[in-house]
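Me: I have a structure open and a few things to ask about it. Can we go through them one at a time?

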Amino acid sequence: YDLQNPFWINLISYLNLVVCALALSTLTTRFIFPQFSQEGQRMWILGLSPVPLHRLLSLKLRLSASVIALLTTALVVISSSSLALPPQRTLFFAAAIILLSYGLTALALAIGALIPNFREPNPARIVSGFGGTLCLIASFLYILLSIVVLVLPTWWRLRTGSMPPANIAPNPLPDLLALVGVLGLTLLFGAVPFSMAKKKTKKLEYLRLL
């Protein structure tokens, strides 16, 4: 296809973002979601430690999301440079994947803390349970809504014929509004469940499940 055509360039760049987000959701569901449950029978030690459980949950979020965001942002930047996108568009996709990284990580950690399974030592079986299925479905829904919001400005430019050439950055205001929309979805799918999980961990209700 003609990579000088703005339509194909935008299509490939958005498909690249979708692939990164879907791969990210799979990784967070497989490796981030069962982290809390894998503490297992040793949860009482964490419950009695000087560091409260809700702080440990926040540390898990900051560490995991930062590493994931760094890797996925590098992938997006490399792909954007391969498509010769202007710096403004590269920043747009990088900001989007950073928001998705933190949102998906927070969602996986929150569901893992809200629906723990301390009886099962195998993380693969933990993921295949109800909590893992719920995490995967919620992640896909979050990604779908976010991609729709991010695509709207480009779709409107193509429909109205106001799309500039591939090497010229478009008006940034619609893209900024789209990022604000993704931020709202991140708060809804990530911050809200994570705050619920932190409140639950403060009560040490897990100790009676051991």
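Me: What volume does the largest pocket have?

Reply: The largest pocket comes to about 210 Å³. Keep in mind that this is a predicted model.

Me: ok, which residues line the largest pocket?

Reply: The lining consists of C20, A23, L24, L27, F31, I32, S64, V67, I68, L71, T72 and L75. Two or more of the lining residues come from each of the elements α1 and α3.

Me: and how many nonpolar, polar and charged residues are in that lining?

Reply: Sorted by class, the lining of the largest pocket holds 10 nonpolar residues, 2 polar ones and no charged ones.

Me: Switching to cavities. How many of 30 Å³ or more does the structure hold?

Reply: There are 2 cavities of 30 Å³ or more. The second largest cavity has a volume of about 40 Å³.

Me: what lines the second largest cavity?

Reply: Its lining is made of S13, N16, L17, V76, S79, S80, L83 and F93. The elements giving two or more residues to this lining are α1, residues 6-32, and α3, residues 53-82. By class, that lining has 4 nonpolar residues, 4 polar residues and no charged residues.

Me: How does anyone find empty space in a model anyway?

Reply: A probe the size of a water molecule is rolled over the atoms, and this shows where empty space is left.

Me: Fine. Back to the whole chain: how many helices and strands?

Reply: The chain has 7 helices and 0 strands. Along the sequence the pattern reads α-α-α-α-α-α-α.

Me: what share of the residues is buried?

Reply: Of the 210 residues in the chain, 44% are buried. The accessible surface of the chain is about 10900 Å², and 72% of that surface belongs to carbon and sulfur atoms.

Me: And the contacts, what part comes from residues 24 or more positions apart?

Reply: Among contacts in the chain with a separation of 6 or more, such residues account for 85%.

Me: what span should α4 have, going by its number of residues?

Reply: Helix α4 covers residues 87-114, and at 1.5 Å a residue its 28 residues should span 40 Å. Its end C-alpha atoms are 40 Å apart, so the two values agree.

Me: Now single residues. Where is A84, and is it buried or exposed?

Reply: A84 sits in the loop between α3 and α4. A84 is exposed, because its relative accessible area is 54% and the cut-off for exposed is over 50%. The residue also has a positive phi of about 55 degrees, although A84 is not a glycine.

Me: and G131, buried or exposed?

Reply: G131 is buried, with a relative accessible area of 6%. G131 belongs to helix α6, residues 130-160.

Me: what does G131 touch?

Reply: Not counting residues up to four places away in sequence, G131 touches F33, I111 and I115. The C-alpha atoms of G131 and G112 are separated by 6.8 Å, with the two residues 19 apart along the chain.

Me: Last one, Q38. Where does Q38 lie?

Reply: Q38 lies in the loop between α1 and α2, the latter being residues 43-48. Q38 is partly exposed, with a relative accessible area of 37%.

Me: which residues is Q38 in contact with?

Reply: Leaving aside neighbours within four places in sequence, Q38 contacts P123 and I126. Q38 and P123 are 85 residues apart in sequence, yet their C-alpha atoms are 7.0 Å apart in space.

How values were computed
Residues are numbered from 1 along each chain as its sequence is written. This is a predicted model: local features need pLDDT of at least 70, side-chain atom pairs count only at pLDDT 80 or more; totals for chains, interfaces and linings use all residues. Side-chain values use heavy atoms; hydrogens and water are left out. On a 1 Å grid over the protein atoms alone, a cavity is a set of points where a 1.4 Å probe fits but cannot get out, and a pocket is an open set with protein on both sides within 12 Å along at least five of seven lines; lining residues have an atom within 4 Å of a point. Grid points are joined across faces, edges and corners, and a volume is the space filled by probe spheres set on the points. Helices (H or I, at least four residues) and strands (E, at least two) are DSSP runs, numbered from the N terminus. Ala, Val, Leu, Ile, Met, Phe, Trp, Tyr, Cys and Pro count as nonpolar, Asp, Glu, Lys and Arg as charged, and the others, Gly among them, as polar. The expected span of a helix is 1.5 Å times one less than its number of residues. Buried means under 20% relative accessible area, exposed over 50%, partly exposed in between (1.4 Å probe, protein chains only). Contact means heavy atoms within 4.5 Å. Accessible areas come from the Shrake-Rupley method with a 1.4 Å probe; for residues, only the protein chains shown count as cover.
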